[in-house]
Every structure is written in C-alpha cells, then in structure tokens.
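Dear colleague,

I am handing over the structure below for your own work. My notes on what was found in it follow directly after.

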Amino acid sequence: KLVGDIIRKPPIVVNCNITIDEASKILIENNINHLPIVDENNMLIGILTSWDIARAVAQNKKSISEIMTRNIISSTVDEPIDVVARKMSRNNISGVPVVDKNGRVLGVVTAEDLSKLIGMRM
Ligand code: SAM
C-alpha cells in the first residue's frame, strides 16, 4: 500500500495569521492533532500540534509563527506506507503532511491511520 491509498482528504490547513485560540478550536472541532500551516499560495510552511499549543501555554508564547515547527517531515502519495511509518517512528512524530511536487498540501497521514490499517488485517 502507498500513502495515496490511506491519505486523509481534504486537508484541513490554516494560515499562520490565525490565533492560537482559533487553531486550538480547529484541532478540537475536527478531532485532529496535526495542522499544516500554509502560506497564501497554499505552500506548506509549518506544522502545529497540540504539543506546540501546550508549549505556547507553558512558555507564554502568543503567535502561531513562534510555535509552529518549520522543519517539516512530509510524505508524498507514492511513498510506501512502511517508509512513512519508519519516518514517524524515527522522528518521534505521529503525523505527516502529504504534499504534491510543488509543496502544496494534499492531506495528512497519521499513526492512527496506520494502526487502523494494521488492526483491520488482524
Ligand atoms: N510524540 C508526540 C507526537 O507525535 O505528537 C510529541 C513529540 S513530537 C517531537 C512534537 C513536536 O513534533 C511538535 O513540536 C510538532 O510540531 C512536531 N511535529 C509533529 N509532526 C511533525 C512533522 N510531520 N514534521 C515536523 N515536526 C513535526
């Protein structure tokens, strides 16, 4: 199986100008934990998780651009799922944005998606 077979679409993405409060609501309302941050051309520029929001509270940070991770680990639709699983485990992350060749976000794949897949095989 490839990432393209299990990708969660459509992507829920936001601009870095939204507030941390707004980002928190988007995570909760959509029951997600990985929020890709895009620029005005829909290009991926960062990722925000609930962990980053916890850090913002702990360190009294006020803006998304201060707390998002800019060094993004991403995937592509043609990547085998065992490769993306290894990426997540090696980097201690539980989700990756899936991008096209121009860096635009197509969706997200999470460790939850991978564990569901393994669960279905049993
Ligand atoms: N293991 C937990 C998890 O997977 O959410 C928490 C630790 S993880 C190191 C938390 C950090 O990873 C956050 O700062 C978050 O922005 C970052 N992160 C999550 N997914 C990422 C990804 N695909 N690429 C780069 N950083 C990512």
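Strand E4 gives the largest share of the shell around the ligand, with 3 residues; here strands (E, at least two residues) and helices (H or I, at least four) are DSSP runs numbered from the N terminus. The elements that contribute two or more residues to this shell are strand E3 (44–49), helix H3 (50–59) and strand E4 (95–99). Please note that this is a predicted model, in which local features need pLDDT of at least 70 and side-chain atom pairs count only at pLDDT 80 or more, while totals for chains, interfaces and linings use all residues. Residues are numbered from 1 along each chain as its sequence is written, and side-chain values use heavy atoms, with hydrogens and water left out.

In total, 15 residues surround the ligand, a residue being counted if one of its heavy atoms lies within 4 Å of it. The closest are Asp52, Thr69, Ile73, Ser94 and Gly95. By class, the shell holds 7 nonpolar, 7 polar and 1 charged residues; Ala, Val, Leu, Ile, Met, Phe, Trp, Tyr, Cys and Pro count as nonpolar, Asp, Glu, Lys and Arg as charged, and the others, Gly among them, as polar.

A polar side-chain atom of Asp52 lies 2.5 Å from an oxygen atom of the ligand. For Ile73, a backbone N or O atom is 2.9 Å from a ligand nitrogen atom. A polar backbone atom of Ser94 is 2.9 Å from an oxygen atom of the ligand. Taken alone, the ligand exposes 570 Å², of which the protein buries 79%; accessible areas come from the Shrake-Rupley method with a 1.4 Å probe.

Turning to the sheet, E1, E2 and E3 form an open sheet of 3 strands in the order E1-E2-E3, with mixed pairing. Two strands pair if DSSP finds at least two bridges between them. The edge strands are E1 (14–15) and E3, each pairing on one side only. E1 and E2 (residues 34–38) pair in the parallel sense over 2 bridges, and the bridge partner of Val14 in E2 is Ile37.

Two backbone details remain. The peptide bond from Lys9 to Pro10 is cis, with omega near -10 degrees, and Pro10 is placed in the loop between helix H1 (3–6) and E1. Asn31 has a positive phi of about 55 degrees although it is not a glycine; Asn31 is in the loop between helix H2 (20–29) and E2.

With kind regards

Definitions and conventions. Polar contact = N/O pair within 3.5 Å; in protein donor to acceptor, adjacent residues only side chain to side chain.
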